Amino acid sequence: DPNSISYNSIIYIFEDSLNAIWLGTFEGGINRFDPETKEFSFIGAIGDVEFGSIYGIEESDPGSSKPEDIHLWLTSPVGLYSYYPYQEKVELITGQDGLQGNIFNPAAIYKSMSGELLFGGSNGFNIFDPDKLHTNEVQAPIVFTDFQINLKPVEITPDGPLTTSI
């Protein structure tokens with residue numbers, strides 16, 4: 001049944017500010033339950049980002065009651081998803097982006113009175129105010145300033161591993 005839940009093992013249930021019910025499943029992605037139609041919608045992937053297990057769901061403080069303003073945060077065993085469900089826009093944030101790690105713990109979520117979000121994981125926790133996050137749109141140039149092997153600078157030599165300047 002395409003209108004039923006995608007996976008029977010539910011880890012987390014969350015109601016957004018528009019009263020949609022979101023269900024994070026074990027290995028089955030995320031599902032949206034519409035209380036009016038009594039139907040489920042399965043979201044397994046958006047673009048090249050694929051949802052697997054979803055351990056927790058929280059919403060940024062909504063700035064309005066428009067669907068396009070709904071911003072959900074989803075924890076998982078592979079990182080933290082920044083998800084705009086009604087825009088079908090998602091970004092996976094990982095330890096390479098400055099998180100405590102990629103693995104989050106099931107239901108280890110807290111939203112403070114000021115709107116800060118806390119997410120617990122295998123290496124500690126992350127805390128941030130989603131309204132104060134800024135994406136750096138400028139791609140920084142990559143510049144090599146040194147080349148070392150076993151912590152020793154490599155000289156440019158005709159017979160060495162570095163024959164021309166990098």
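**Figure 1. Burial and overall dimensions of the predicted model.** Buried residues account for 37% of the 166 residues in the protein. The model shown here and in the other views is predicted. The protein contains 15 strands and 0 helices. Its radius of gyration is 21 Å, whereas a compact globule of 166 residues would have a value near 15 Å. Along the principal axes, the C-alpha atoms fill a box of roughly 75 × 40 × 30 Å. Of the contacts between residues at least 6 apart in sequence, 37% join residues at least 24 apart.

**Figure 2. The open sheet S1-S2-S3-S4.** In this sheet, 4 strands follow the order S1-S2-S3-S4 with antiparallel pairing. S1 and strand S4 (39-43) are the edge strands; each has a single partner strand, so one side of each is left without a neighbour in the sheet. From one strand to the next, the twist averages 25°. S1 runs antiparallel to strand S2 (residues 21-25), and 5 bridges join the two. One of the residues to look for is Glu15, whose bridge partner in S2 is Ile21.

**Figure 3. Asn3 in the segment before S1.** Asn3 belongs to the segment that precedes strand S1 (10-15). Its relative accessible area is 33%, and Asn3 is therefore partly exposed, the range for that class lying between 20% and 50%. Beyond residues up to four places away in sequence, Asn3 touches Glu39 and Phe40. The C-alpha atom of Asn3 is separated by 8.6 Å from that of Lys38, a residue 35 positions apart from Asn3 along the chain.

**Figure 4. The open sheet S7-S8-S9-S10.** Here 4 strands form an open sheet, ordered S7-S8-S9-S10 and paired in the antiparallel sense. The edges are strand S7 (56-59) and strand S10 (89-93); because each has a single partner strand, one side of each lacks a neighbour in the sheet. Ignoring direction, neighbouring strands of this sheet are turned against each other by 20° on average. S7 pairs with strand S8 (residues 72-75) over 4 bridges in the antiparallel sense. The bridge partner of Glu58 in S8 is Trp73. In a regular strand, side chains alternate between the two faces of the sheet.

**Figure 5. The hairpin of S9 and S10.** Strand S9 (residues 80-84) pairs with S10 in the antiparallel sense, over 5 bridges. Tyr84 has Lys89 in S10 as its bridge partner. The two strands S9 and S10 form a hairpin with 4 residues between them. Glu88 is located in the loop between S9 and S10. The phi angle of Glu88 is positive, about 50°, although Glu88 is not a glycine. With a relative accessible area of 61%, Glu88 is exposed.

**Figure 6. The largest nonpolar core and the surroundings of Tyr83.** The largest nonpolar core has 26 residues, and those touching the most other members are Trp22, Phe51, Ile57, Leu74 and Tyr83. At least two residues of this core come from each of S1, S8, S9, S10, strand S11 (104-111) and strand S12 (117-121). Apart from neighbours within four places in sequence, Tyr83 is in contact with Trp22, Ile43, Ile46, Phe51, Ile70, His71, Leu72, Leu74, Lys89 and Val90.

Figure 7. Asn126 is part of strand S13 (residues 124-128). A polar atom of the Asn126 side chain lies 3.4 Å from the backbone nitrogen of Gln100. With neighbours within four places in sequence left aside, Asn126 is in contact with Gly98, Leu99, Gln100, Phe104, Leu117, Leu118 and Phe119.

**Figure 8. Leu151 in the loop between S14 and S15.** Leu151 sits in the loop that lies between strand S14 (148-149) and strand S15 (152-153). Leu151 is a residue other than glycine with a positive phi, near 65°. The relative accessible area of Leu151 is 75%, so this residue is exposed.

Methods. Residues are numbered from 1 along each chain as its sequence is written. This is a predicted model: local features need pLDDT of at least 70, side-chain atom pairs count only at pLDDT 80 or more; totals for chains, interfaces and linings use all residues. Side-chain values use heavy atoms; hydrogens and water are left out. Two strands pair if DSSP finds at least two bridges between them. Axes are lines fitted to C-alpha atoms, for helices over the stretch in contact, and angles run from 0 to 180 degrees between N-to-C directions. Buried means under 20% relative accessible area, exposed over 50%, partly exposed in between (1.4 Å probe, protein chains only). Contact means heavy atoms within 4.5 Å. A polar contact is a pair of N or O atoms within 3.5 Å; within protein, one must be able to donate a hydrogen and the other to accept it, and residues adjacent in sequence count only if both atoms are side-chain atoms. A nonpolar core is a set of buried Ala, Val, Leu, Ile, Met, Phe, Trp, Tyr and Cys residues joined through side-chain atoms within 4.5 Å. The radius of gyration is taken over C-alpha atoms; the globule rule is 2.2 Å times the number of residues to the power 0.38.
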